[in-house]
Amino acid sequence: MGNHISNQNSIETYNECLICWDPIDANKYVKCTNCKIVLHDSCESRDRNEKRYCKCPHCQRIGTLCAASRCNAQQSEQA
């Protein structure tokens, strides 16, 4: 037994919002570039509240969240 690290960081792998646990729409989500969790964009906005920066609710890193369109562009550039 051991740890398995996967490069499968697609929306199909993480199909529920970390905050509300509802299914994620493939076009309206926010993804952490560090820990790869996904959130609804509306849940992330509500969680961020008045802060002027984004912080992942899972790994607590600041500035690692990106919108679906930006995440998709980054994935196609890496391919």
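Which residue forms a salt bridge with glutamate 44, and how far apart are the closest N and O atoms? Select arginine 48: the closest N and O atoms of the pair are 2.8 Å apart. A salt bridge here puts a side-chain nitrogen of Lys or Arg within 4 Å of a carboxyl oxygen of Asp or Glu. By this rule the count comes to one.

Before moving on, some ground rules. This is a predicted model, in which local features need pLDDT of at least 70 and side-chain atom pairs count only at pLDDT 80 or more, while totals for chains, interfaces and linings use all residues. Residues are numbered from 1 along each chain as its sequence is written, and side-chain values use heavy atoms, with hydrogens and water left out.

**Stop 1: helix α1**

Glutamate 44 and arginine 48 both lie in helix α1, four residues apart, about one turn of the helix. Helices are DSSP runs of H or I with at least four residues, strands are runs of E with at least two, and numbering starts at the N terminus. Glutamate 44 counts as buried because its relative accessibility is 7%. Arginine 48 is partly exposed, at 29%. The cut-offs: buried is under 20% relative accessible area, exposed is over 50%, and partly exposed is in between (1.4 Å probe, protein chains only).

**Stop 2: the sheet**

Now show the strands. Three of them form an open sheet in the order β2-β1-β3, with antiparallel pairing. β2 and β3 (65-67) are the edge strands; each has a single partner, so one side of each is left without a neighbour in the sheet. The twist averages 30° from one strand to the next. Helix α1 (residues 41-48) packs on this sheet and touches β1, β2 and β3; its direction makes about 85° with that of β2. Axes are lines fitted to C-alpha atoms, for helices over the stretch in contact, and angles run from 0 to 180 degrees between N-to-C directions. Zoom to β1 and β2, which pair in the antiparallel sense over three bridges. Pairing requires at least two bridges found by DSSP.

**Stop 3: histidine 40**

Select histidine 40, in strand β2 (residues 38-40). Tyrosine 29 stands opposite histidine 40. Is histidine 40 buried or exposed? It counts as buried, at 13% relative accessibility. Leaving aside neighbours within four places in sequence, its contacts are Cys17, Cys20, Asp22, Pro23, Ile24 and Lys28. Contact means heavy atoms within 4.5 Å.

**Stop 4: the nonpolar core**

Select Cys17, Ile24, Tyr29, Cys32, Ile37, Cys56 and Leu65. Of the 13 residues in the largest nonpolar core, these touch the most other members. Such a core is a set of buried Ala, Val, Leu, Ile, Met, Phe, Trp, Tyr and Cys residues joined through side-chain atoms within 4.5 Å. β1 (29-32) and β2 each supply at least two residues of this core. The largest share, three residues, comes from β1. Next, pick cysteine 32. Beyond its neighbours within four places in sequence, cysteine 32 is in contact with Ile37, Cys56, Cys59, Thr64 and Leu65.

**Stop 5: two positive phi values**

Most residues other than glycine have a negative phi. Select asparagine 49, where phi is near 60°. Asparagine 49 is found in the loop between α1 and β3 and is exposed, at 59%. Glutamine 60 has a positive phi of about 65°. Glutamine 60 is found in the loop between α1 and β3 and is partly exposed, at 43%.
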